[in-house]
Amino acid sequence: MQITTCRTPESFLARTQAMLEQHEAVNNLMLGLAETIIRTPDRYLAWYLFTVDDEAEIYIAALWTVPLNIIIHVANPNPQAITLLARHLHDNYHKKAVAVPGVTGRVESVVAFADAWTALVGGTWQVKLHMRVYELRQVIPPVGIEGRLVQATSDHQAMIAEWIHAFHREALHSSMTLEEAAQIANRHIAQRDLYLWLVGDEPVSMAAQNRQTRHGAVIGLVYTPPEQRGHGYASAVVAGASQIALESGKAFCTLFTDLNNPTSNSIYQKIGYYPLEDFDEIHFAP
């Protein structure tokens with residue numbers, strides 16, 4: 001058993017894509033980020049791509065976009081493979097002051113990795129987010145919701161940046177700055193993949209295509225200001241963004257929800273999303 005470091009996202013996908021696409025919707029995060037690195041390699045401070053494998057099979061695929069969590073897909077829950085990955089990261093990166101802040105993936109896999117990691121470096125770990133992956137293949141349009149869907153433009157940039165900033169603070173418990181949120185807003189506006197729900201001429205909710213996989217689109221950045229909640233606007237904008245993705249040729253859409261938010265888990269199922277798998281985002285503490 002060995003660690004293989006992939007020097008390019010193309011070589012990483014050449015090794016892992018067939019395996020990951022056996023459950024493409026579930027593995028949308030790793031597949032989508034690998035595609036994002038191909039298109040925009042300078043978006044992250046650094047990125048690292050690994051497999052734990054032997055001549056017969058791949059046990060683990062891992063993708064790390066610094067300074068974010070490492071994402072792992074465990075194809076074969078072999079404790080030796082998980083320990084080998086943790087040891088490799090510790091010896092080659094952690095000791096060189098490249099911090100591994102946490103791990104994201106299927107629940108059992110990330111708990112096993114977190115135990116292996118803290119056994120090496122000390123400290124503790126805690127679950128920051130309990131998430132669920134959903135998939136949609138046909139939109140059930142919500143009815144009786146006032147308003148219309150529009151594509152966001154540069155005229156909306158300042159408002160979108162504030163909403164993205166609020167989304168990261170409220171939903172992801174992130175300390176993202178407003179300047180960082182503005183960069184994300186600019187990127188989505190330029191890519192023409194962020195949508196607003198308008199009542200009259202007033203934006204009341206937003207959603208974006210965060211990533212793409214070969215056959216799917218990932219919907220995210222769903223945010224409604226507090227004073228506009230409870231009217232079905234999030235359902236409407238997500239349904240509209242999902243329909244656009246399907247009409248563009250994608251076979252399915254996926255999204256993540258916070259399991260501690262029963263409202264979002266309920267409304268998305270009403271427009272056609274169904275649950276696939278639970279993920280955890282774990283953070284490490286000294």
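**Exercise 1. Find the accessible surface of the chain, and the percentage of it that belongs to carbon and sulfur atoms.**

Solution. Step one: take the total, which is about 13200 Å² for the chain. Accessible areas here come from the Shrake-Rupley method with a 1.4 Å probe, and for residues only the protein chains shown count as cover. Step two: take the part that belongs to carbon and sulfur atoms, which is 51%.

A word on the model before going on. This is a predicted model, in which local features need pLDDT of at least 70 and side-chain atom pairs count only at pLDDT 80 or more, while totals for chains, interfaces and linings use all residues. Residues are numbered from 1 along each chain as its sequence is written, and side-chain values use heavy atoms, with hydrogens and water left out.

**Exercise 2. Describe the overall build of the chain: its secondary structure, its radius of gyration and its span.** 

Solution. Step one: the secondary structure consists of 8 helices and 12 strands. Helices (H or I, at least four residues) and strands (E, at least two) are DSSP runs, numbered from the N terminus. Step two: the chain has a radius of gyration of 19 Å, close to the 19 Å from the globule rule for 286 residues, so it is as compact as a globular protein of that length. The radius is taken over C-alpha atoms, and the rule is 2.2 Å times the number of residues to the power 0.38. Step three: the C-alpha trace spans about 60 × 35 × 35 Å along its principal axes.

**Exercise 3. What percentage of the residues is buried, and what percentage of the contacts with a separation of 6 or more joins residues 24 or more positions apart?**

Solution. Step one: of the 286 residues, 51% are buried. Buried means under 20% relative accessible area, exposed over 50%, and partly exposed in between (1.4 Å probe, protein chains only). Step two: residues 24 or more positions apart account for 71% of those contacts. A contact means heavy atoms within 4.5 Å.

**Exercise 4. Locate the largest cavity and describe its lining.** 

Solution. Step one: searching the whole structure for cavities of 30 Å³ or more gives 1. On a 1 Å grid over the protein atoms alone, a cavity is a set of points where a 1.4 Å probe fits but cannot get out, and lining residues have an atom within 4 Å of a point. Step two: the largest cavity holds about 60 Å³ of space. Grid points are joined across faces, edges and corners, and the volume is the space filled by probe spheres set on the points. Step three: list the lining, which is made by Val26, Asn27, Leu29, Met30, Ile71, Ile72, His73, Gly105, Arg106 and Phe279. Two or more of the lining residues come from each of helix H2 (28–39), strand E4 (70–74) and strand E5 (102–106). E4 gives the largest share, 3 residues. Step four: sort the lining by type, which gives 6 nonpolar, 3 polar and 1 charged. Ala, Val, Leu, Ile, Met, Phe, Trp, Tyr, Cys and Pro count as nonpolar, Asp, Glu, Lys and Arg as charged, and the others, Gly among them, as polar.

**Exercise 5. Where is Ser235, and what does Ser235 touch beyond four places in sequence?**

Solution. Step one: look in helix H7 (residues 233–247), where Ser235 has its place. Step two: with a relative accessible area of 10%, Ser235 is buried. Step three: Ser235 touches Pro142, Ile267 and Ile271, leaving aside residues up to four places away in sequence.

Methods:
On a 1 Å grid over the protein atoms alone, a cavity is a set of points where a 1.4 Å probe fits but cannot get out, and a pocket is an open set with protein on both sides within 12 Å along at least five of seven lines; lining residues have an atom within 4 Å of a point.
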